[in-house]
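This briefing concerns the helix packing in one protein model.

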Amino acid sequence: MKDIEFLLLEYGPLLVFLNVLLEQAGLPIPAYPLLIVAGALAVQGNLPWELTLMAAVAGCLIADAAWYAGGKRFGSGLLNTVCRVSISRDSCIRQTQSLYWRTGPRILFVAKFLPGASALSTVMSGYAGLPFRRFVAYDAVGSIIWAGSAVIVGAVFNDMVGTVIAVLGEYGGYGLLAIAVVLVLYLGYRWVRRKRTIRRFAHVRRVTLDELDDMQARGCVPVLLDVRATSDNPLPGAIAFDPHAAIGQEGQAWPLDAHIVIYCACPEEISAAVLADRLLKAGYRNTSALAGGYNAWVARQQAEAASLGGDAAGPAASAPARASGG
């Protein structure tokens, strides 16, 4: 751990900039501890705190601007990709979207303190169409709060930081091994739990988009439930539905033999399958989840637009009217 102190004294703000940039870009290289050590060195007069803070904020803004551009260009596709590496990826998309729609860009003030929320919130900012100037303003404030708090902690507890560095330098290898073992066990537990969840809802029937088209062509128009966090640009005729609402609420007036198809924007259609399972247990025996969910529909719309030589932006360019009623 003494190497960190030596590298900071040697390269200073440049090292801080690179560490923050790589961490905010998504690499598992924590920058907060480095900023704390930088704060301790700054209060001792060994490092310019102004340049250190500016370097950290610059690293944040560059990485976050890239995530913002990706969200604006690729939308829910990038959000889905980011969530695929999440420990709880089934709920990742819905929770991220719900949080952003509730708080708006203010989430950027604290996103860097929330594990995994930094990239997701910046992607959502681009996806939601937040003007770039507003995004930079909110993100800059959040970056200053995040980096500044670490520098202040290091400055206030500079004596303790020196002691911790010395202890870690002597016993750090054992501590890192213990942390690695705990992390592996935790990831293994979450992986097993996820597989059990998938198996638990494997009995829920999946219908493809082609099968859905066939049902509608035969005059069997299903009740189409949209359980995404936001019901923007829904499938034609879909009804926005809260998956956590009690069965019998949300204005349902469907016969028990009604054909119900549920879709979400999550891996393995888990959110849709969870609601489908609840409806099946409530007696709605013709309930299914849409295979591939909302993303499959978007992909098909884009493919059809491209084959016709039209705008490949798909449903985002000409959103269908949202249907109401059952």
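In this predicted model, α2 passes α4 in a right-handed crossing. The two helices, α2 (residues 13–24) and α4 (residues 49–74), pack at an angle of about 25°, and their axes are 8 Å apart. Because angles under 35 degrees count as roughly parallel, α2 is roughly parallel to α4.

**Contact of α2 with α4**
- On the α2 side, the contact is formed by P13, V16, F17, V20, L21 and Q24.
- On the α4 side, the contributors are L51, T52, A55, A56, A58, G59, C60, I62, A63, D64 and W67.
- Sorted by class, this contact comprises 13 nonpolar, 3 polar and 1 charged residues.

**Contact of α4 with α7**
- Helix α7 spans residues 117–127 and packs against α4 at an angle of about 45°, with the axes 6 Å apart.
- The two helices are therefore oblique to each other.
- The crossing of α4 past α7 is right-handed.
- From α4, the residues D64, W67, Y68, G71 and K72 meet S118, A119, T122, V123, S125, G126 and Y127 of α7.
- This contact has 5 nonpolar, 5 polar and 2 charged residues.
- D64 and W67 of α4 take part in the contact with α2 and also in the contact with α7.

**Contact of α10 with α12**
- The axes of helix α10 (residues 209–217) and helix α12 (residues 293–307) cross at roughly 80° and come within 11 Å.
- This angle makes α10 roughly perpendicular to α12.
- L209, D210 and D213 of α10 make the contact with A296, W297 and R300 of α12.
- By class, the residues divide into 3 nonpolar, no polar and 3 charged.

**Annotated transmembrane regions**
- An unreviewed UniProt entry lists residues 25–44, 51–70, 107–132, 144–168 and 174–192 under "transmembrane region".
- Over residues 25–44, the chain is 60% helix and 0% strand, and the end C-alpha atoms lie 31 Å apart.
- Over residues 51–70, the chain is 100% helix and 0% strand, with the end C-alpha atoms 29 Å apart.

**Confidence of the prediction**
- The mean pLDDT of the protein is 82, and 83% of its residues reach 70 or more.
- Over residues 311–326, pLDDT stays under 50.
- For residues 311–326 the model has 23 contacts beyond four places in sequence.

Definitions and conventions: Residues are numbered from 1 along each chain as its sequence is written. This is a predicted model: local features need pLDDT of at least 70, side-chain atom pairs count only at pLDDT 80 or more; totals for chains, interfaces and linings use all residues. Side-chain values use heavy atoms; hydrogens and water are left out. UniProt positions are given in the numbering used here, feature names are shortened, and annotations may be inferred rather than shown by experiment. Helices (H or I, at least four residues) and strands (E, at least two) are DSSP runs, numbered from the N terminus. Axes are lines fitted to C-alpha atoms, for helices over the stretch in contact, and angles run from 0 to 180 degrees between N-to-C directions. Angles under 35 degrees count as roughly parallel, over 145 as roughly antiparallel, 65 to 115 as roughly perpendicular and the rest as oblique. A crossing is left-handed if the near helix is turned anticlockwise from the far one by less than a right angle, and right-handed if clockwise. Contact means heavy atoms within 4.5 Å. Ala, Val, Leu, Ile, Met, Phe, Trp, Tyr, Cys and Pro count as nonpolar, Asp, Glu, Lys and Arg as charged, and the others, Gly among them, as polar. pLDDT is the predictor's confidence in each residue, from 0 to 100.
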